[in-house]
Amino acid sequence: MTHTEIILTVISLVVLIIAGFYAVMKKDLIHAVIATSVISLVLSLVFYLLQAPDVALTEAAIGIALSTIIFIITVRNTKRFEDK
Amino acid sequence: MKKVIIIGFLGVIAYYLLSAFASVPFGADLIKGVKDFYLDKSPNDLKVANVVTSIVVNFRGFDTLGEVTVLFLASTALGSILYRRRSHDSGLNPQRTAPEASALVQTGAKVIFPFTIMLGAYIFIHGHLTPGGGFQGGAIIATGFLLMLVSYRKFFIEHNALTWIEAIAGSTFVILGLLGLVYANNHNFLENFLPAGKLNDLLSGGIIGIIYVAVGFKVGAEITGILDTLLTVKETGLDPEEN
Amino acid sequence: MVISDPVYFIALPLLTAFLLPLFGKIYKPLIGIIPGLVFAFIAYISFDLYLNLVPGKPIVIQLAGWAPPWGINLVFSEFSGFVVTLITFLAFLVWVYSYNFKKVGFDNSKKYFTLLMLLVAGSIGVVLTGDIFNMFVFLEITAISSYGLTAFYKGRDSAEAAFKFLLIGSLSSTFILLAILLLYKQVGTLNMAEIAVKAQSIDPKMKSIIAILFMIGLGIEAEMFPMNGWVPDAYSQAPGPVAASFAGMLAKSGIYALVRVFYTVLEVDGIFDLLLIMGILTIIFAEFSAMRQTRLRRMLAYSSIGQMGLIMVAFSFNTKAGIFAGLFLMFNHAIIKSLLFLASGFLTYSTKQKKIRDLDGFGKIMPFTSLMFGLGAFAIVGLPPFSGFWGKLNMLVATADSNLYFVIALILLVAVVEVVYYFKVIGRLYFRQQHKEVEVHKPTWNAIAAMSVLAIVIIGVGIYPDLITDYLTKATNELFDKASYIHNVLPNLSLN
Amino acid sequence: MQEFLTYGIYGTAFFLMLLGLYAALVKKNLVKIVIGLSVLDSGLHLLFVAVGYISNGTAPIFSPAVVGKNVVMVDPVPQALVLTAIVIGFGVTAVALALVVRLYRKHNTTNIDEIKNLKW
């Protein structure tokens, strides 16, 4: 790995941790779903950096777009907020 | 109290797993296993440039058959869980109550849609050469249909066509496998029986390319069906038949 | 060799499931007929292959033209062939029982048969495959089709049951994947026979972590104690024939995977002691819960967990007698529990609450179904003229061989508990007056046929156990002889 | 640097998995539980790819630029496995969300505590 790649990886890992926290703790489910989408986005970057372009592409197509969409459809069909 | 127990439990799991993975250093090439065989055979015998594709479709093709089945299963199970009652007289599906998207979105969707389909098709046709393949291409095609579904209220998926595509693409996979029993050298299920061609040619890799195209169609139809089912369920309110 | 290739067990149900919607477009009754033909065919070739199997020479099929360990292989041996034959036989009977689909409508029956075909294909795949990741894929196929089948009926609490099942199932698949990943990084292969050879050099601590991960992950489908919260709900909410196929196929493939992994793939010190403890806990938890149930299906479900616990205990002895008893119990559990679930489907059909006390006096108004239920109850408790007796007897012999006297005491105690709660139901069926008028739901001819076949098998094996003991002994030898499994899959590689 | 990345990537993967497990086991909201499962899956997929990585390896594709040269390639097997796992995870998520929608239609709530028979 070159230095740029290592720095990118480290930044991605930090973003992953923050987004993970946000996804699990946030009461607004739409926000939480967007956070999972961010996890997938960053994850697909990390996959690319780890020389797994196939997995990166799959994660991009399925994780970022489709998973997020089905989550959002569900949240729209049910309740948006997680109550206490 | 329950939280404390669960966090303690998670701590125990984390400790043991970390201690297990600590002996697997990141980036080290520890093993001499099947991977060297794959890295050698894929370009030389199968003439498939993308080793992941050759593993997914050929060496471990049976897994992929299972994977396609899982998606088919998910869409069937979804249909069985969220069955719809469509009114037969009007062509419109009354359950979709989402507001019409703005003209900007609609025009944009119309422009982007063909390109999305083309991109998806490109990805699964070149699955054995470049990153990506049937699953990724199919998912991208489904995204294109999703775009149309959310921007036009009157855009409806032709379910008959979806059923036909699903059935034909899925059975193509299995039948290609069964043909291997008859025509291939070792008479194995899913064995390649077509000429392998030249490395990095579009028409190379024998049945691998054909299988990935079938997978692409199947996955695209499957995911489009899943999205359509989820989008057209009744949006709010209790269902009278449930109680 | 072309026509009787084990790959048909998986390829044909998958092909049919993919094409089923098209058959429905051509002629609607085909939806019900085609699956039956396929089940009959695979049951036939399965019997054919199994009866003609040469001892010590399992049929090893390579896929995609690559010899193991590079490609995936299927192993049809005495043990896996036995389980596959059992599964295909039950699949055909379940189809006979549920063939008539007019009640639920065309569209739903299409989904029902599709999911059922995939459940059968998945269970067979788990049993036949010789590759650890491929086993995971098939486990997921069985799991997802079970979620769909559990949530099949709309009016009940089926969605809750399915969600619970899904939650536990997803956690289990995570554990299995972790175990596979660790194993792969240690040995560099996914083929079970090659892992078995190379696993000897793994660090013991790592090996025990992998084994525990497998135990958690596979234990969920095998209904092991802390992870079986889904069982009572799924069994009581799913349609009757589906509950029968859960008992006969899902649980069987789960226990098969568990046994195969611990006997053949990974040899870990102390794992059998752990299995013994888990099995005993499962039995105690299940049998005492079963006694407190007021609903028939939940009672049967807890009883099923108890039986699975007994099977785990039998396999945990790691002796030939133990494996033999375990196989006999597996056979009994599959046949007898299926009969009980099929009969209970009609018994509780007309009562809304599905309570046991609603069954007062049903022996008079539903004589055949009550008779079948009574027969199943006598058999599962372990009374002499039925096959259940031989299973329990072998179990006691095996336990005595292993000098585990407290387990003998436990088995006898459990038998008493089983007698108490099963005879409570029988007492209500035959020795109580019917206290209110109910609409009687007569079993259809196909249901009668399916139940009669099961009853005949139970009585036949009960009177003449030598019908199957030969095959069970062969299967025992196959499972116990790890070296010959490895030799048959990988001729060039051997232990040490 | 190597050590740091080992612990960094594995640590992140485990952190995501534990977060997901925590959400799946503790949270009361059905959608949140499914989100937890999806986070758990993400961590697991990261772990798979990280375990398959080999230092200074290239992607396992014999493109014209690579053919004939002696290059180290990363392990393609975990990548193929994770591809399967991602698709299976998507299928399970879709079924789970469909069940959530049906539970909501029946009980008009997504809170576990208000849905009987879902407690254990």
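1. Where does A:F81 lie in chain A? A:F81 sits in the segment that follows α3 (53–77) of chain A. Note that this is a predicted model. A:F81 has 13 C-beta neighbours inside 10 Å, so it counts as partly exposed.

2. Setting aside neighbours within four places in sequence, A:F81 is in contact with A:K27, A:D28 and A:L29. Now compare sequence and space for another pair. A:F81 and A:A56 are 25 residues apart in sequence. From C-alpha to C-alpha, A:F81 and A:A56 are 31 Å apart.

3. Next, the chains. Five pairs of chains are in contact, and chains B and C share the most contacts. Chains A and C, by contrast, do not touch. The nearest C-alpha atoms of chains A and C are 15 Å apart.

4. Look at the B–C pair in detail. Here 49 residues of chain B are in contact with 44 residues of chain C. On the chain B side, the elements giving two or more residues are α1 (2–22), α2 (34–46), α3 (51–59), α4 (61–81) and α7 (159–183). The largest share, 16 residues, comes from α4(B). By type, the chain B side has 24 nonpolar, 17 polar and eight charged residues.

5. α3(B) also packs against a helix of its own chain. Its partner is α8 (residues 207–231) of chain B. The angle between α3(B) and α8(B) is about 85°, and their axes are 10 Å apart. The two helices are therefore roughly perpendicular to each other. α3(B) brings B:T53, B:S54, B:V57 and B:N58 to the contact. α8(B) brings B:I208, B:I211 and B:Y212. Four of the contact residues are nonpolar, three are polar and none is charged.

6. Turn to α3 (residues 78–98) of chain C. This helix has 21 residues and reaches 30 Å from its first C-alpha to its last. That is close to the 30 Å expected at 1.5 Å a residue. α3(C) is mostly covered, with 21 of its 21 residues buried.

7. Last, the nonpolar core. The largest one holds 360 residues. Which members touch the most others? They are C:L339, D:A50, D:V95 and D:L99. Helix α3 (residues 76–107) of chain D gives the most to this core, with 21 residues. Beyond its neighbours within four places in sequence, C:L339 is in contact with C:M372, C:G376, C:M451, C:L454, C:A455 and C:I458. In soluble globular proteins, nonpolar side chains tend to be buried together.

Key:
Residues are numbered from 1 along each chain as its sequence is written. Chains are lettered from A and ligands numbered from 1 in the order in which they are written. This is a predicted model: local features need pLDDT of at least 70, side-chain atom pairs count only at pLDDT 80 or more; totals for chains, interfaces and linings use all residues. A nonpolar core is a set of buried Ala, Val, Leu, Ile, Met, Phe, Trp, Tyr and Cys residues joined through C-beta atoms within 7 Å. A residue is buried if 20 or more other C-beta atoms lie within 10 Å of its own, exposed if 12 or fewer, and partly exposed in between; C-beta atoms are placed from the backbone. Helices (H or I, at least four residues) and strands (E, at least two) are DSSP runs, numbered from the N terminus. Two residues are in contact if their C-beta atoms, placed from the backbone, lie within 7 Å. Ala, Val, Leu, Ile, Met, Phe, Trp, Tyr, Cys and Pro count as nonpolar, Asp, Glu, Lys and Arg as charged, and the others, Gly among them, as polar. Axes are lines fitted to C-alpha atoms, for helices over the stretch in contact, and angles run from 0 to 180 degrees between N-to-C directions. Angles under 35 degrees count as roughly parallel, over 145 as roughly antiparallel, 65 to 115 as roughly perpendicular and the rest as oblique. The expected span of a helix is 1.5 Å times one less than its number of residues.
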